[in-house]
Amino acid sequence: MPASVSLTDLQERIGLRFADESLLRLALTHSSYANEHTDAVGSNERLEFLGDAVLGLVVAERLYADFPDIEEGQLTQWRAHLVQGPTLARVAGRLGLGRWLLLGRGEDATGGREREGNLAHVYEALIGAICLDSGPGGGMDGARRFIERSLEPEITGLQTDPAELNPKGVLQQLAETELGRPQYVTTDERGPDHAREFTVEVRLGGEVFGTGCGGSKQQAEKQAARQAVLRLREHLDAEAPALDATSGAE
């Protein structure tokens, strides 16, 4: 997004109007843009730091209030899921934040607007900017409302499929009785040091059941495990009628 482009559309999209629009522009400024433009006042890294802290607090408060019967260990796992990079990148993508990112030429040319790390960071920086803004939609209360509104689908979906939160654990439980322990194999690693991308396969009984990509091996493994859980469940469901028929014949 060129510096001359109006931020009005973005503010309408996220349902906020900044009293200090320079805070919003700073939240959208990637370090690669700041390095290439002498007129940039800085990058969004400090706002990201603030937004990360506010996000963690708001999510913890919401989980504590919404789930009074859930133990601390489960709440900790849910909080970690909600504030992790892939979740925040998905929310930022839903808001369309990548379109408004201020990126350096190289970062833009290599897919920086869709990069998971950039999207997660700009979402956190936006929270920081909202927290500092003096407008009616700003401050800590404004940041809380924005977080709860934008994260609502993820919060309400916490009690659905456990494979979404802990896919590696679910896969191991499903697989170990028949196919043995899952093996995770890194098949590709590319990109610069600040934006590495890993490709990982998960294998069961020597066969590839899932493939995942991510900004870390852990993220790629989780994505591969989710894919493998879906395939393994289909495999087990297909076997179940055959087993029932065999039992009936006896």
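The expected span of a helix is 1.5 Å times one less than its number of residues. Helices (H or I, at least four residues) and strands (E, at least two) are DSSP runs, numbered from the N terminus. This is a predicted model, where local features need pLDDT of at least 70, side-chain atom pairs count only at pLDDT 80 or more, and totals for chains, interfaces and linings use all residues. Residues are numbered from 1 along each chain as its sequence is written, and side-chain values use heavy atoms, with hydrogens and water left out.

**Helix 8**

Helix 8 covers residues 116-132. Its 17 residues should span 24 Å at 1.5 Å a residue, and its end C-alpha atoms are 25 Å apart, which agrees.

Three strands form an open sheet in the order 1-2-3, with antiparallel pairing. Strands pair if DSSP finds at least two bridges between them. Strand 1 (183-190) and strand 3 (207-214) are the edge strands, and each pairs on one side only. The twist averages 20° from one strand to the next. Such angles run from 0 to 180 degrees between N-to-C directions, and axes are lines fitted to C-alpha atoms. Strand 1 is joined to strand 2 (residues 197-204) by seven bridges. E189 stands opposite F198 in strand 2.

**Pocket and cavity**

On a 1 Å grid over the protein atoms alone, a cavity is a set of points where a 1.4 Å probe fits but cannot get out. A pocket is an open set with protein on both sides within 12 Å along at least five of seven lines. Lining residues have an atom within 4 Å of a point. A volume is the space filled by probe spheres set on the points, which are joined across faces, edges and corners.

| Space | Volume | Lining |
|---|---|---|
| Largest pocket | about 600 Å³ | five nonpolar, 15 polar, nine charged |
| Largest cavity | about 30 Å³ | three nonpolar, two polar, two charged |

Here Ala, Val, Leu, Ile, Met, Phe, Trp, Tyr, Cys and Pro count as nonpolar, Asp, Glu, Lys and Arg as charged, and the others, Gly among them, as polar.

The largest pocket has a volume of about 600 Å³. Of its 29 lining residues, R115, G117, N118, H194 and A195 are the closest to its centre. Helix 4 (45-66), helix 8 and strand 3 each give two or more residues to this lining. Helix 8 gives the most, with six.

There is one cavity of 30 Å³ or more. The largest cavity is lined by L16, R17, F18, I130, D133, G137 and G138.
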